[in-house]
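The entries below record what I looked up.

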Amino acid sequence: MSLCPPFAPFFGFAGVASAMVFSTVGAAFGTSKAGIGIAGLGTFKPELIMKSLIPVVMSGIIAVYGLVVSVLIAGSLKPTDYSLFAGFIHLGAGLACGFTGMAAGYAIGLVGDSCVRAYVHESKVFVAMVLILIFAEVLGLYGLIVALIMNTRATATGFTC
């Protein structure tokens with residue numbers, strides 16, 4: 001069997017789709033869940049809304065991670081001279097970024113909702129909320145780093161068909 005079958009780019013495109021779709025699902029969940037908490041907070045203390053937007057912004061960053069990985073993978077896709085090895089690495093990179101983005105968005109949404117609601121009653125919760133959100137965001141960053149390393153591995157293999 002050839003190292004470069006005609007269906008090999010399919011796996012690369014699946015990696016592009018996985019990175020974008022799963023990280024965006026996580027970002028959407030985080031944004032919606034934290035937004036519900038912000039809406040609840042806004043009815044009691046509208047002056048706290050701007051400080052409470054941090055979870056929503058951090059959820060949006062998760063989608064950017066997926067976008068970066070998708071663009072990098074799509075940039076190295078070629079209709080010819082694309083090995084099955086590169087396709088599987090790109091699929092793995094997309095899945096790594098997408099699933100960690102989905103997990104991070106889920107964590108950011110739950111923490112954001114709970115902490116924003118608690119912030120109405122106790123202002124000391126704000127610092128703890130930011131720290132927990134940073135640790136949740138780092139989960140997505142880990143997936144981005146792994147995907148970037150995998151992508152460089154796929155382009156540095158030197159397979160030719």
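Basis. I worked from a predicted model, in which local features need pLDDT of at least 70, side-chain atom pairs count only at pLDDT 80 or more, and totals for chains, interfaces and linings use all residues. Residues are numbered from 1 along each chain as its sequence is written, and side-chain values use heavy atoms, with hydrogens and water left out.

Entry 1. I took rings of Phe, Tyr and Trp (its six-membered ring) as paired if their centres lie within 6.5 Å, with planes under 30 degrees apart counted as stacked, over 60 as edge-to-face and the rest as tilted. By this rule I find six aromatic pairs.

Entry 2. One of them is the tilted pair of F11 and F88, at 4.6 Å centre to centre and 50° between the planes. F11 lies in helix α1 (residues 8–44) and F88 in helix α3 (residues 84–119), so this pair ties together parts 77 residues apart in sequence. Helices here are DSSP runs (H or I, at least four residues), numbered from the N terminus. I note F11 as buried at 19% relative accessible area and F88 as partly exposed at 43%; buried means under 20%, exposed over 50%, and partly exposed in between (1.4 Å probe, protein chains only).

Entry 3. F29 and Y106 form a stacked pair, 5.0 Å centre to centre with 20° between the planes. F29 in helix α1 and Y106 in helix α3 are 77 residues apart. F29 is partly exposed at 30%, and Y106 is partly exposed at 46%.

Entry 4. I find one aromatic cluster formed by F7, F10, F11 and F88.

Notes: Helices (H or I, at least four residues) and strands (E, at least two) are DSSP runs, numbered from the N terminus.
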